[in-house]
Amino acid sequence: MQPETRKEADESLAEISYQLIYEDEEKRIEIAANLLDFGANTLKKFSSEHLRRRWIINRAQAYKWLGKDDVARKIIQAEDWTATSDDFKLAEAVILENYKDADEIMLKMGKNGPVTTQSYREWPLFKRYVERPEFK
């Protein structure tokens, strides 16, 4: 409704949805999925491509943690990730469980890349990925 506050609103929705997913409770993850569905299907305008992609990743992982891997996969596969930064390519690979690709991207980014050691420990996105023996 107020274009001058779109960036702040987009960032708030991204942060709120992330926090709901982070809490790892089914009801809260459902709320995150509903909020992000509203953003994707109703708002359709974004302050930046970066924030739009964050919404997509959060939306896909919300469905993944709700056990709806097919929906998560469709959300991710509806986008072209080839021209995005390595952190988004890593998120795509992890959600799709293309762990070989994820490993290659992670090694390419190295320790000083956009995804930190702490991120691997804390971000819900990586909770299954880091449990693999290959990751350790």
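Here, a residue counts as buried at under 20% relative accessible area, as exposed at over 50%, and as partly exposed in between (1.4 Å probe, protein chains only). Helices are DSSP runs of H or I with at least four residues, numbered from the N terminus. The model is a predicted one, with local features needing pLDDT of at least 70 and side-chain atom pairs counting only at pLDDT 80 or more, while totals for chains, interfaces and linings use all residues. Residues are numbered from 1 along each chain as its sequence is written, and side-chain values use heavy atoms, leaving out hydrogens and water.

Just past the end of helix 6, glycine 110 takes a positive phi of about 70°.

Helix 5 is mostly covered, with seven of its ten residues buried: Asp86, Phe88, Leu90, Ala91, Ala93, Val94 and Ile95. These pack against helix 3, helix 4, helix 6 and helix 7.

As for the interior, a nonpolar core is a set of buried Ala, Val, Leu, Ile, Met, Phe, Trp, Tyr and Cys residues joined through side-chain atoms within 4.5 Å. The largest one has 34 residues, and Ile57, Ile76, Leu90, Tyr120, Phe126 and Tyr129 touch the most other members. Leaving aside residues up to four places away in sequence, isoleucine 76 touches Ile56, Ile57, Ala60, Trp81, Glu92, Ile95 and Leu96. There is also a second, separate core of five residues, with Ala14, Leu36, Leu51 and Trp55 among them.

Two loop residues deserve a word on backbone geometry. Most residues other than glycine have a negative phi. Aspartate 24, in the loop between helix 1 and helix 2, has a positive phi of about 55° despite not being a glycine. With 46% relative accessibility, aspartate 24 is partly exposed. Glutamate 97, in the loop between helix 5 and helix 6, likewise has a positive phi, near 60°, and is partly exposed at 34% relative accessibility.

Definitions and conventions
Contact means heavy atoms within 4.5 Å.
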